[in-house]
Amino acid sequence: MPVGQTKDAGWQIGVSKTLPHPIDAVWRLLVGTPELWLGRGATVPRAPGAEWRSDDGVTGELRSRHEGDRVRLTWRPAGWNHDSTVQVAVSAAPRGTVLRFHQERLAGPGERAAQRAHWQGALARVERALATADGDSEGAPLPSDR
């Protein structure tokens, strides 16, 4: 099977990075400023089954939300004829927080490549926002790193 293709979930992509910020700060930014990763105008619903929409036409439904851990939702941009599933998760790491974006049920390698670029951009936007919140364009170290 080609890289990125699974037997059960079709094509998938994942991007992750360890950010030098505490997990609670990363989580608050994700759910408090979802336009960084869901698109302008989007909100992260609280109740499973609740719908969400971004100003650029991406729609979906919340599948689950585990505070301080992960959000799982469907993702369907305007022009797609199918839903995909996105999970954004945070986990504590020795030097900060691992932020992961994972998307499955993609239509093929082209969609996978486009979504890889999308989630890499989202991760970069989150990273910049965290650095700006710390008042340091390079990202402030954790107290344990000083």
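Buried means under 20% relative accessible area, exposed means over 50%, and partly exposed lies in between, as computed with a 1.4 Å probe on protein chains only. The model shown is predicted, so that local features need pLDDT of at least 70 and side-chain atom pairs count only at pLDDT 80 or more, while totals for chains, interfaces and linings use all residues. Residues are numbered from 1 along each chain as its sequence is written, and side-chain values use heavy atoms, with hydrogens and water left out.

**View 1. Glu61 and Arg63 form a salt bridge.** A salt bridge is a side-chain nitrogen of Lys or Arg within 4 Å of a carboxyl oxygen of Asp or Glu, and by this rule the model contains 8 salt bridges. In the pair shown here, the closest N and O atoms of Arg63 and Glu61 are 3.5 Å apart. Glu61 is partly exposed, with a relative accessible area of 26%, and Arg63 also counts as partly exposed, at 44%.

**View 2. A salt bridge joins Lys17 to Glu127.** The closest N and O atoms of this pair are 2.9 Å apart. The pair links distant parts of the chain, with Lys17 in strand β2 (residues 10-19) and Glu127 in helix α2, 110 residues apart; helices (H or I, at least four residues) and strands (E, at least two) are DSSP runs, numbered from the N terminus. Lys17 is partly exposed at 35% relative accessible area, and Glu127 is partly exposed at 25%.

**View 3. Arg76 is paired with Asp83 in a salt bridge.** Here the closest N and O atoms are 3.7 Å apart, and the two residues are partly exposed, Arg76 with a relative accessible area of 29% and Asp83 with one of 38%.

**View 4. Gln115 lies in helix α2.** This helix comprises residues 109-133, and Gln115 counts as buried because its relative accessibility is 8%. Leaving aside residues up to four places away in sequence, Gln115 touches Ile13, Trp75, Trp80, Gln103 and Leu106, where contact means heavy atoms within 4.5 Å.
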